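Let us walk through a structure step by step. Keep the sequence and the 3D view open as you read.

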Amino acid sequence: MTTFQIILISILGCLGLFGAISGFRRSIGRPAAVIILIISLAGISAALDPNQTTRIARAIGISRGTDLIVYLVALVVFQGFVVFYLRLRKVRRELTLLVRHLAILEASSGDGRGRIRRNATEAEASDP
Amino acid sequence: MNLVSGYVKLMRMPASEKFPDANNGLEPAIADETWVVIPVFNEAEAIREVIGSITPCFKNVVAVDDGSSDRTWDVLQDCAPHALRHFLNRGQGAALQTGTDYALAQGARRIAHFDADGQHRLEDLQKMVAGVAGDECDIALGNRFAGDISEIPATRRILLRSAVLFHRVVSGVRLNDVHNGLRVLSREAATSIEITADRMAHASEIIDLIARSGARVREYPVTIRYSEYARNKGQRWTGSFRILLHYLIGRFAG
């Protein structure tokens, strides 16, 4: 086993362990934990036997195992990007709702007419 | 009547009575039932004049400071009848929705959207408010191409025409000016529309929401003042690609 294989397997092993523990503790969702486990196990398997990826690649019509890995990585990165982007959009939308809610709450909590200008006369401020 | 009591009486008068010709034929009661929402972002220079030009006719003006970093909030507190503030900048669409929600909660019968950079004219707004109040439509939209178009810069004209074409194809909406910020909505129409696009894509989103709401829409000729200030504050043509991207993502990704 080469040094690179040892390093790669160690990293993937840690990743798999992280997925398993996080899934067990429910700090991440079960589907995410399963995906992390599958990716790390597949990676360890490919690192242990590089020819295996070539055999799988040829079985599905791709000439080289390296190409298969590149395609899979591209797919995973793209899917991760989409998920991350959609979550970011959701957070931004929630932030907007919070900001809007606070603005109305702040304006309504005073005299019910928003921020009346500082130099408004009492008569104007009390005018319904 | 001495000077002091005369001043107090003047201050207590409705704005429409203080400036009898300011209503331009619009009934004061209709003006008083209409709330003008102005989203404001870094407009400390111009906003006082803009609000001052509206308040003689419309007493209910809601200015929403969208997290400005200049003195806008101080100016608004001083000159706006109703001033609200987003503590973070969330975009014009969000500010419009905040102002609209606030106005509806205060019992507004009609909501008008008006830009803060001084490019809209009071007389156009009055005409549109009269149209909605007179039951000509539920939503009145400004159409700059039916008015004097000589001031519209050529690049902007091309972009705006492209946006019109785009909406005809994508949304099936047959309007002639889809990115005009001057709008008047009846209470029912304003209640049925909720803007979720934070940034500038809200103009396109509003058109889609209007199309889906089934409200009666009418375009009114308006003149946009392309002052040096408004041109500098306005969107760059490169920004239209970002708006398009945000709109498409919002439309298809939900």
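Buried residues make up 23% of the 128 residues in chain A. Buried means under 20% relative accessible area, exposed means over 50%, and partly exposed lies in between, with a 1.4 Å probe and protein chains only.

A word on the ground rules. This is a predicted model, in which local features need pLDDT of at least 70 and side-chain atom pairs count only at pLDDT 80 or more, while totals for chains, interfaces and linings use all residues. Residues are numbered from 1 along each chain as its sequence is written, chains are lettered from A and ligands numbered from 1 in the order in which they are written, and side-chain values use heavy atoms, with hydrogens and water left out.

Start with chain A. Its secondary structure comes to five helices and zero strands. Along the sequence the pattern reads α-α-α-α-α. Helices (H or I, at least four residues) and strands (E, at least two) are DSSP runs, numbered from the N terminus. Now look at contacts, meaning heavy atoms within 4.5 Å. Of the contacts in chain A with a separation of 6 or more, 29% are between residues 24 or more positions apart.

How do the helices of chain A pack? Two packed helices are described by the angle between their axes and the distance between the axes. Axes are lines fitted to C-alpha atoms, for helices over the stretch in contact, and angles run from 0 to 180 degrees between N-to-C directions.

Take helix α2 (residues 30-48) of chain A and α3(A). They pack at an angle of about 110°, with their axes 4 Å apart. That makes α2(A) roughly perpendicular to α3(A). The cut-offs are these: angles under 35 degrees count as roughly parallel, over 145 as roughly antiparallel, 65 to 115 as roughly perpendicular, and the rest as oblique. From α2(A), the contact uses S45(A), A46(A), A47(A) and L48(A); from α3(A), it uses P50(A), Q52(A) and T53(A). By class, this contact of α2(A) with α3(A) has four nonpolar, three polar and no charged residues. Here Ala, Val, Leu, Ile, Met, Phe, Trp, Tyr, Cys and Pro count as nonpolar, Asp, Glu, Lys and Arg as charged, and the others, Gly among them, as polar.

Move on to the next pair. The axes of helix α3 (residues 50-59) and helix α4 (residues 65-109) of chain A come within 7 Å and cross at roughly 80°. α3(A) and α4(A) are therefore roughly perpendicular to each other. On the α3(A) side sit T53(A), T54(A), I56(A) and A57(A), and they meet G65(A), L68(A) and I69(A) in α4(A). The contact of α3(A) with α4(A) has four nonpolar, three polar and no charged residues.

Now zoom in on T53(A), in helix α3 of chain A. Is T53(A) buried or exposed? At 11% relative accessibility, T53(A) counts as buried. Leaving out residues up to four places away in sequence, T53(A) touches A46(A), G65(A), L68(A) and I69(A).

Next, find R26(A) in the loop between α1 (3-25) and α2 of chain A. Most residues other than glycine have a negative phi. R26(A) is not a glycine, yet has a positive phi of about 65°. At 60% relative accessibility, R26(A) counts as exposed.

L95(A) takes us to the other chain. L95(A) lies in helix α4 of chain A. Beyond residues up to four places away in sequence, L95(A) touches L88(B) and R90(B). At 29% relative accessibility, L95(A) counts as partly exposed.

Chain B has 12 helices and seven strands. Buried residues make up 51% of its 254 residues. N42(B) lies in the loop between β1 (34-40) and α4 (47-54) of chain B. N42(B) has a positive phi of about 50° although it is not a glycine.
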